[in-house]
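Have the viewer open as you read.

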Amino acid sequence: MSLIEFCTNDRQREIIKLHEEGLGYTAIAKELGLATRWNARDTVRNVRAKAASQGYAPNSDMIHTVPDGYKVKGVSTYYNDEGKPVGQWVKSQADQARQAEILLEVIEKAQEGIPRFTPTPKPESVHEDLLSLLTITDFHLGMYAWEAETGDAWDVDIAKQTFLDSIHKMVSACPRSEVGVLCQLGDFLHWDGMLAITPTSSHILDADTRYGKLVELAMYVMCEAVDIMLKHFGRVVIVSAEGNHDISGSIWLRKHIKHVFGGDERVEVIDNEFPFYAYLWGETMLGFHHGHKVKLGNLHKLFASEPRFRQMWGSATQTYIHVGHYHHEKLIEDGGAIAEQHPTLSARDAYASRGGWVSRRGAKVITYHKIDGEVARITVRP
């Protein structure tokens, strides 16, 4: 086995090849035109560290590797009287970061065989200075609620009808803006895998269907919403935010939408692996987060200081930040931004009902002007 097997790019392979041929760091740097010998040294160290994390470090008698997606947790080696290894136990654990990378690779490859939407003609006239934001948060598609217990019934059929009705109502109620943003703020799916449990705490959830049907329904209603919006707005931007209930679900959902509408230049998916998202409309900055990582009152600090958004923040004369997570409305104006927490269209589940948490259901469509910021809003009730 060679360290080349643990390289991730051509430059690493060139350096490791020369290193294994016996060249020193200075000679490698000269051969490949590197700035300093330390570039070669650091590359060798990084590749060795990666190899060791997967069980390959022959200088330490580690030669039993673990599968891709796992990392070595510990190695116990037994030596005989002559100091030669005679037995070895390798303990491994899941490598969450690498498994996430593998998941993304699988999702993107799986999309290749799915047909794309035929581009929809742009409306004849739109208000060029306006953007309309359609907010959906904590929809919990796939959740089951028994009306006698929770006060409202909820299942996949009710959810499907509620979602599409609300999209139609929001689109009909707002102007024909140049941009329509489908702002899905996370927890669109009630659970995140074959087991109906929360992904990080493993809390058992009330589920109405099988995960395969849930995936199919989520793909359908989100694509249908984008298609509806394309008939009304000049362009459509999609935010599919990570929630605490659908960490991986938010990934495959946005990847699916990105592929299906990949042939339509009027569709843009904000596709980043960072659980904070932003969009600049003229001098109006819009920030998005589910609300599970940073508190509402501190979000202006994050968007102002985060390097990915700092230039956008500096270009804006007003900033609006949108979150969900808590299922009820709240608004804070501080530090040069208005941070708003949105309600949900979903009914309460048994956990919320028995805990006494009550909030009025709804979804907001807010229209922003490039210069003046918010100019109109409407609330849709299920």
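Axes are lines fitted to C-alpha atoms, for helices over the stretch in contact, and angles run from 0 to 180 degrees between N-to-C directions. Helices are DSSP runs (H or I, at least four residues), numbered from the N terminus. This is a predicted model, in which local features need pLDDT of at least 70 and side-chain atom pairs count only at pLDDT 80 or more, while totals for chains, interfaces and linings use all residues. Residues are numbered from 1 along each chain as its sequence is written, and side-chain values use heavy atoms, with hydrogens and water left out.

**Helix 1 and helix 2**
- The axes of helix 1 and helix 2 (residues 25-32) come within 10 Å and cross at roughly 135 degrees.
- Helix 1 and helix 2 are therefore oblique to each other (angles under 35 degrees count as roughly parallel, over 145 as roughly antiparallel, 65 to 115 as roughly perpendicular and the rest as oblique).
- Their crossing is right-handed, meaning that the near helix is turned clockwise from the far one by less than a right angle.
- On helix 1, R11, E14, I15, L18 and H19 meet Y25, I28, E31 and L32 of helix 2 (contact means heavy atoms within 4.5 Å).
- These contact residues divide into 5 nonpolar, 1 polar and 3 charged (Ala, Val, Leu, Ile, Met, Phe, Trp, Tyr, Cys and Pro count as nonpolar, Asp, Glu, Lys and Arg as charged, and the others, Gly among them, as polar).

**Helix 1 and helix 3**
- Helix 1 (residues 10-20) and helix 3 (residues 37-53) have axes that come within 10 Å and cross at roughly 95 degrees.
- That makes helix 1 roughly perpendicular to helix 3.
- Q12, I15, I16 and H19 of helix 1 make the contact with A40, T43, V44, V47 and R48 of helix 3.
- By class, this contact holds 5 nonpolar, 3 polar and 1 charged.

**Helix 6 and helix 7**
- The axes of helix 6 (residues 156-173) and helix 7 (residues 211-230) come within 10 Å and cross at roughly 15 degrees.
- Helix 6 is thus roughly parallel to helix 7.
- The crossing of helix 6 and helix 7 is right-handed.
- Residues in the contact include F163, L164 and I167 of helix 6 and Y220, V221 and A225 of helix 7.
- The contact has 12 nonpolar, 1 polar and 2 charged residues.

Notes: Helices (H or I, at least four residues) and strands (E, at least two) are DSSP runs, numbered from the N terminus.
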